[in-house]
Amino acid sequence: MVFSSLPFLFFFLPAFLILYYVFHGRAKNFVLLVFSLLFYAWGEPVYILLMLLSSFVDYLDGILQEKYGTTLLRKRIFLACALIINFSLLAYFKYADFAVGIWNRLTPWDAALPGVALPVGISFYTFQTVSYSIDVYKGRVKVEHNYLDYLTYVSMFPQLIAGPIVRFSTVQEEIHSRKVSESGFVQGFHRFLPGLMRKVLIANQIGALWDSIRAAEGISVITAWLGLLCFTLQLYYDFSAYSDMAIGLGRMLGFHFPENFIYPLSATSITDFWRRWHISLSTWFRDYIYIPLGGNRVGVTKHLRNMFAVWFLTGLWHGASWNFVMWGLYHGILLALEKYVWGKGLAKLPKFLQHLYAIVIVVFGFGIFTFDDLGEMGRYFMQLAGIPGNAFFGTEFFWYAGNYLPFLLAACVLAFPVWPWFRNKMEKAGVYRKNLAAMCGALLLITLFLVVVASLVRDTYNPFLYFRF
Amino acid sequence: MNTNGQEKKTEEETQPVTMTERVSAYLIALMILCFSIAFFLTKKQDFSESENRTLAKLPQITWEKIRNGSVTEALGTYAADHFPMRNEFLSIITEAERLSGRKEINGVYLAQDGSLIEVYDAPQNTDKQIAQFSKLAENTEHAHCSLMLVPTAVSVYRDALPQYAPDADALLRSDRQTLVAEQGAARPTQLQTIQQIYAAMPEKMQTIDVYGALRADVQWTAEAMGGAEDGQGVPPSRRLFYRTDHHWTVYGAYIGYQAWCEARGITPLPLTDYVTETVSEDFRGTIYSKLNDPYFGADTIISCRHPDWRLQVLYPDTGEVTDSPYNPEYLTQKDQYSYFLNNIHPMVIITNDAVESGAVAVVKDSYANCFVPFLLNHYHTVYVFDTRYYKGGPSKFINEHPEITEVLVLYNMNTIDSDTGIGGIY
């Protein structure tokens, strides 16, 4: 099930919340667990077993490490088993076709593609549950003895299928006892609603524009760049809105999930971008791959090796296709260049040039990200450079940009922290203006909510990009 | 890793919930509750009058369907189709997009003259059409066959399309062929598809250039009006297509009839021989239904009738017999186009006692419903086949009735590609 759908908003969520607030104590967790499993089963009734297995392996690993992990060697064996099982499942269900494809290309012995369908959210929950095993090994988290509580954590529907990647250490206390309050509901709902609107009114609209530009033939250079900008905006709004909705839902239930996006498109460098984009993923790679490899406290050669490893894997995590690997390495190389070549010089440039530098690299990078067919990528990139002889400027630009102008403008402006800036300004503007702004905001919220429902009722275009990962 | 969560907590504690936040949150929560309760309380309709389509039914639940996720998908569609105030919500989203400056909404162009024109989707079944049309011509033993593929407003009224609309652009670009060749991704225009099908027709199937005739009329009207060809200010009696429906008007059909007569060496009756009558001024057609926004207004239906007609219209499937090809009872309903030839029947037989002999067979979709009346003055009997519902293939019937000397195959380019009736043409 997806958050931005009529069944979720009008049936699942009200039914769940009413039961959740009615029951107390341990029954609350049980309600949450049952609804989370329903939520997952709505789209993937079979693969739910996989999630149960995956989470049980790590739960068991925690218990084994505590009870029988008397020596380091034993602990290592237990951890290794858990990691091997989890990553094997991930490898089979996500990368089997990719691997067999490479095998077929490299060797004369052709094998049939297994044709495995990707279970929704497997990349997210595998990373979550694996982080628990590693944290237990490192002694960073207390071992969980109740499987149902552990399963509640892994399967918790707000963050189950598209992040943020919440670690058990972050929510362990709250799983056992959390403060569910009325103000938490209001705050969470006010986090959820803007997320819903960003998804339905910006990501879906801009996404439709990107689809039509992608399908158009003979577009001019400027339209091709507009297309990539659209994809970047779509991906950002799609994914960050999902995180907003997840964090908001969590808040309504009494949980505090970590922030996942902090205006990444307003970054001033690629290093800055990765501190703002999909934070729960980049910190995961930092804590579980980069730092264990030695991080940057090693020689330059080793540091570069560590970066290569992290960015190769970050790319691969996004999908079983070469373009994702290329995208990861592209960012890795730029990060290395910023670290060792032009990072200091960049910081001295005027601010707007830094923004321009970052956005161009990011947008171009998402061009690599979006085409999993390398041939199609090549054709599109030729158009970006005007190589097939397409004009620099064509009137079709007016059609695409003109039809979506208010949405494009809103998407560009809201990618910068204008909203916090405005709130801050209103805080200082005196009671009268502050209240007026709050009233207008509330009216806008209600109006936009109706437009969101209208848009879902028509229901022509509503994909979630990150479900593929 | 607790740091993020901790920061968030302290921030929340310093910013208490305001009254406005509380009120707006509960208002929206209340709205959600009301709609979900209303959803269960309201009576579900099987058919949407305003959208003119069957609404989704509750899915049959089987293990296989649960496993492949189609049950949940169907439930989602069901929720959208039966959502309380669905029509009002459709208007809201259309108005919101229109006000944002959109010129294409839900696959519909908002044309410069205020009419609605459907986007031409890339054709999927051109080869199948070629095969079926050819089969019909080959199977037909005695009668002469002709094929008339009618382009829709997107081609004929291309000057009225919004500025820079891709369909208009594609029609006007001279470098299109090379582009298509270079980039592979061919998305032919409607006219190219017609040309492709026409070129592949066997000798026995005469093709009729109705596009040329319709365009000539657009230019003629523009000259008569002393204006441009973008359709502004054209009176309903001179419109070739409805403003809010995908069909051509009776006048458009008359132009098509002229083109057919010319191709077949028949002298067409002048339109002035007919008695014209405005039968409806509140027709909101199929394209209107895609947007459902009263802003776009309504259409006029003009009907025409020959004073000499002495008709008997037989619907063999129901056994009903009438004396007119028109059915005024539909004019009070949403689906007013069914005024022509009573909506859907596998076969209709019309005889005109004012004409002594001759018979023609029309293999067609709904575009022919307002065209058929013009044939009545040339043949004693007109057999009309709707291949979506007529089983067994019209050629068998035609061969069994030697009095049929003429077969006209008439389809429009908008719906033929997805039409389920294609398989029935043979």
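In this predicted model, 58 residues of chain A are in contact (heavy atoms within 4.5 Å) with 60 residues of chain B. Put together, the two chains bury about 5400 Å², and 67% of that is on carbon and sulfur atoms; buried area here is the accessible area (1.4 Å probe) that two parts lose on being put together, summed over both.

As for charges, the interface of chain A and chain B holds 3 salt bridges, counted when a side-chain nitrogen of Lys or Arg lies within 4 Å of a carboxyl oxygen of Asp or Glu. Arg22(B) pairs up with Glu182(A) in a salt bridge, with 2.7 Å between the closest N and O atoms. Several helices (DSSP runs of H or I, at least four residues, numbered from the N terminus) give two or more residues to the side of chain A that touches chain B, among them H1 (6-22), H8 (182-215) and H19 (431-458) of chain A. H19(A) brings the largest share, 14 residues.

Away from that topic, His331(A) sits in helix H13 (residues 322-348) of chain A. His331(A) counts as buried because its relative accessibility is 1%, where buried means under 20% relative accessible area (1.4 Å probe, protein chains only). Leaving out residues up to four places away in sequence, His331(A) touches Ile270(A), Phe273(A), Trp274(A) and Trp311(A).

Residues are numbered from 1 along each chain as its sequence is written, and chains are lettered from A in the order in which they are written. Local features need pLDDT of at least 70, side-chain atom pairs count only at pLDDT 80 or more, totals for chains, interfaces and linings use all residues, and side-chain values use heavy atoms, with hydrogens and water left out.

Note on methods. Buried < 20%, exposed > 50% of the residue type's maximum accessible area, 1.4 Å probe, protein only.
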